[in-house]
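Please read them with the model open beside you.

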Amino acid sequence: MQYSYTPHGVCSRAILIDAEDGIVNKVQFIGGCSGNTQGIAALVEGMPLDEVVKRLEGIKCGSRPTSCPDQLAKALKKVAEE
């Protein structure tokens, strides 16, 4: 199923997620640091949602209290709730 999440406090404007049966099939960040967000998306493909959240939640970007990986974790938590 396709999901869209609007991140807060980061450069990315949207995170598009395809997930089914608790597995991340595909992630696409709109905006942000292209190489970093593409790398994150490639690494989490095929992983269980809860494992991605466990690994990425709480990561900061410099002095910001959040990051694109942290925002992905927040998005996946919402996906898991649905």
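1. In this predicted model, Ser12 is in contact with Pro7, Phe29, Ile30, Gly31, Gly32, Thr37 and Cys68, once its neighbours within four places in sequence are left aside. Ser12 itself belongs to the loop between β1 (2-5) and β2 (14-20).

2. Because its relative accessibility is 4%, and buried means under 20%, Ser12 counts as buried. The side chain of Ser12 also reaches the backbone oxygen of Gly31, at 3.4 Å.

3. One of the contacts of Ser12 is Cys68, and helix α3 covers residues 68-81. This helix has 14 residues and spans 20 Å from its first C-alpha to its last, which is close to the 20 Å expected at 1.5 Å a residue.

4. The buried residues of α3 are Cys68, Pro69, Asp70, Gln71, Leu72, Ala73, Ala75, Leu76 and Val79. The elements that cover them include the strands β1, β2 and β3 (23-30), together with the helices α1 (34-44) and α2 (49-56).

5. Strands β2 and β3 run antiparallel and are joined by seven bridges, with Ile17 standing opposite Val27 in β3. The two strands form a hairpin with two residues between them, and in that turn Asp21 has a positive phi of about 55°.

Technical notes: Residues numbered from 1 in each chain as written. Predicted model: local features only at pLDDT ≥ 70, side-chain atom pairs only at ≥ 80, totals over all residues. Heavy atoms only, no water. Helix = DSSP H or I, 4+ residues; strand = E, 2+ residues; numbered from the N terminus. Buried < 20%, exposed > 50% of the residue type's maximum accessible area, 1.4 Å probe, protein only. Polar contact = N/O pair within 3.5 Å; in protein donor to acceptor, adjacent residues only side chain to side chain. Contact = heavy atoms within 4.5 Å. Expected span 1.5 Å × (residues − 1). Pairing = 2+ DSSP bridges.
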